[in-house]
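Student: I have a structure open and would like to learn how to read it. Could you walk me through its features, step by step?

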Amino acid sequence: MSDAAHPARGPGDRLTAHFWRRPKLLTLLLLLPPLLWLGVVYIGSLAALLLQSFYSIDPFSGLVVPEFTLKTYGELLIPSNFDIIVRTVAMAAAVTLAAAILGFPIAFFAARYAKGRWKAVFYLGIMLPLWSSYLVKVYAWKLILAKEGIITWAAEGIGAGNLLNAVLALPVIGGNSLSTSYIGTFLVFLYVWLPYMILPMQASLERVPTSMLEASADLGASNWRTLRSVILPLALPGVVAGSIFTFSLTLGDYIIPQIVGSSRFFIGQAVYSLQGTAGNIPLAAAFAVVPIAIMLVYLTIARKMGAFDAL
Amino acid sequence: MHSDARPPLALTLAAIGGLLFLHLPIVLIFLYAFTTEDRSYQFPPPGLTTEWFAVAWNREDIWPPLYLSLRVAALSSGLALVLGTLCAAAMARARFFGRDTISLLVVLPIALPGIITGMSLRSAFAIGDIPFSTFTIVLGHATFCIVIVYNNAVARFRRLGASMLEASADLGANSFQTFRHVILPNLGSALLAGGMLAFALSFDEVIVTTFTAGQQSTLPIWMLNELVRPRQRPVTNVVAIVVFVATFLPILAAYYLTRGAEETAGGGK
């Protein structure tokens, strides 16, 4: 019928008619280039990563032996390597928890109280730090945390120099200066990943119906009670969604602990130095599989908690 | 707790404090570009000068990384624009088997830490004996930029709906005419926004790049080397300002391009 109303006039029309009769073909043609790219470049590389992790390195020649072995994964369990994994996971957990606590007031204010112009201020105020240069942000903290930097200056200015020294004298998390301690590493991680926690949290807070808050107030609940019994449970999927980012990004980062922190390695640094100067690509690959495995478990739990609907 | 009630004071303070925490550190980058002290990060700066901008301009080692970064960002965002739009068009057209898998596949390169994408590509290059080049950098960057364009385009396709396309067909346009006169004008600003965000993301990327660049140096890699082994520290600040502005402006522009729509660019980095 449509052919009669609009007779085919050129190749463009004939092709249109052709695809009209076979809509699946067009969808397939559209999908082919991106799928080929992602399939070959990305999935192919991930497969290469897995493959490499089952290879091993010849201890004498230093060359990669392309034969299947679990020896390389076994090396991850050596205390010095296992410590790296534990240290990284502990840091990721601490950063995630702190980001949730620090981010909640911002997300809550932006979702509930910011109107009109302020809404835009909050939106840009969260979005710009999220997108602005990662390295510049890390560099800013190197300036802040340096021994001769602004924190030391401010602490001495208000007469808290001794307090700062006392904090730095703490075992494990302390150090020579903030920029060479775990506290410094923690602060930079928190700063850089905080917006990733705020956004999903804000999105889920915005979906909490006002009527429920009114109902809670009508039933005599105080603000705190409403927060604890109504808002927090409803916002939880957003918090879990945000934690996926903060946890995963901390697990895989190697620039921040390299620039600000003690000389003890995190997973990312182990991967980077093993594939570079050490030339041990199999062990580097095995190390890189660790965050993938941890994130798979994490994502399975998150999915059960409904976090994917909040993304 | 009405939504129009005044917020508690503690909440307001915590929210504003949090926003300041997110923004004040960047101010220091600007301040330190003017300091006269180039051997330490002394605060407050002993004196202020503008000489470092001239010094940075004349440093020969800054220009090649800058050009490489611009070239990589242009190529990667161009590739991502084509691939991301195609993917979004297909996903908007039809529901089919494996649809969720494809959307997961698109998001994965940015959802997993950069070190995994980087190390994966490094493993593949090692197995395939592929030498490092501009091409290997672009390969990595385009992969994680696709999702940025895709997110922007798919949201716009969803808003466009099927009725306009049907109207166009009813008026006798073929698919190519519909694409040229209906889809493209409606998609334009979303694609521009997505392309600019992808450009900013690629221009600034360092983690994947360190695995795919070999001996080459992009601007972020140059900066990283300066951070590890500082020479003239304020010069690094000048470059940091350039990088900051080069990522800041596209983001701001993308925001204004897609503002007002229910989907504002940048929601999912």
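Tutor: Happy to! Keep in mind that this is a predicted model.

Student: What share of the residues of chain B counts as buried?

Tutor: Of its 269 residues, 52% count as buried. Among contacts in chain B between residues at least 6 apart, 73% join residues at least 24 apart.

Student: Now for the two chains together. How do I read the interface?

Tutor: The size of an interface is often given as the accessible area lost when the parts come together. Here chain A and chain B bury about 8600 Å² between them, with 77% of it on carbon and sulfur atoms. Y42(A), W131(A) and Y139(A) supply 11% of the area that chain A buries against chain B, more than any other three residues.

Student: Which helix gives the largest share of the side of chain A that touches chain B?

Tutor: Helix α3 of chain A, residues 23-53, does, with 19 residues. By class, that side of chain A has 64 nonpolar, 17 polar and 9 charged residues. In total, the contact takes 90 residues from chain A and 93 residues from chain B.

Student: How many salt bridges and polar contacts cross the interface of chain A and chain B?

Tutor: The rule finds 0 salt bridges there. It does find 11 residue pairs in polar contact, both residues at pLDDT 80 or more.

Student: Why is helix α10 of chain B described as largely enclosed?

Tutor: Look at how many of its residues are buried. In helix α10 of chain B (residues 219-228), 8 of the 10 residues are buried, so the helix is largely enclosed by the rest of the structure. Among them are W222(B), M223(B) and E226(B). The cover comes from both chains: it includes α7 and α13 of chain A, together with α3, α8, α9 and α11 of chain B.

Student: How many disulfides are there over all chains?

Tutor: The count is 0. To check a cysteine, look at the distance to the closest cysteine sulfur. For C87(B), that sulfur is in C145(B), 15 Å away, which is too far for a bond. C87(B) counts as buried at 1% relative accessibility, and C145(B) is buried too, at 0%.

Student: Is T178(B) buried or exposed?

Tutor: T178(B) is buried, because its relative accessible area is 9%, under the 20% cut-off. This residue is found in helix α8 of chain B. To see its surroundings, set aside the neighbours within four places in sequence: T178(B) is then in contact with L165(B), S168(B), A173(B) and I183(B). With S168(B) there is a side-chain polar contact of 2.9 Å.

Technical notes. Residues are numbered from 1 along each chain as its sequence is written. Chains are lettered from A and ligands numbered from 1 in the order in which they are written. This is a predicted model: local features need pLDDT of at least 70, side-chain atom pairs count only at pLDDT 80 or more; totals for chains, interfaces and linings use all residues. Side-chain values use heavy atoms; hydrogens and water are left out. Contact means heavy atoms within 4.5 Å. Buried area is the accessible area (1.4 Å probe) that two parts lose on being put together, summed over both. A salt bridge is a side-chain nitrogen of Lys or Arg within 4 Å of a carboxyl oxygen of Asp or Glu. A polar contact is a pair of N or O atoms within 3.5 Å; within protein, one must be able to donate a hydrogen and the other to accept it, and residues adjacent in sequence count only if both atoms are side-chain atoms. Helices (H or I, at least four residues) and strands (E, at least two) are DSSP runs, numbered from the N terminus. Ala, Val, Leu, Ile, Met, Phe, Trp, Tyr, Cys and Pro count as nonpolar, Asp, Glu, Lys and Arg as charged, and the others, Gly among them, as polar. Buried means under 20% relative accessible area, exposed over 50%, partly exposed in between (1.4 Å probe, protein chains only). A disulfide is a pair of cysteine sulfur atoms within 2.5 Å.
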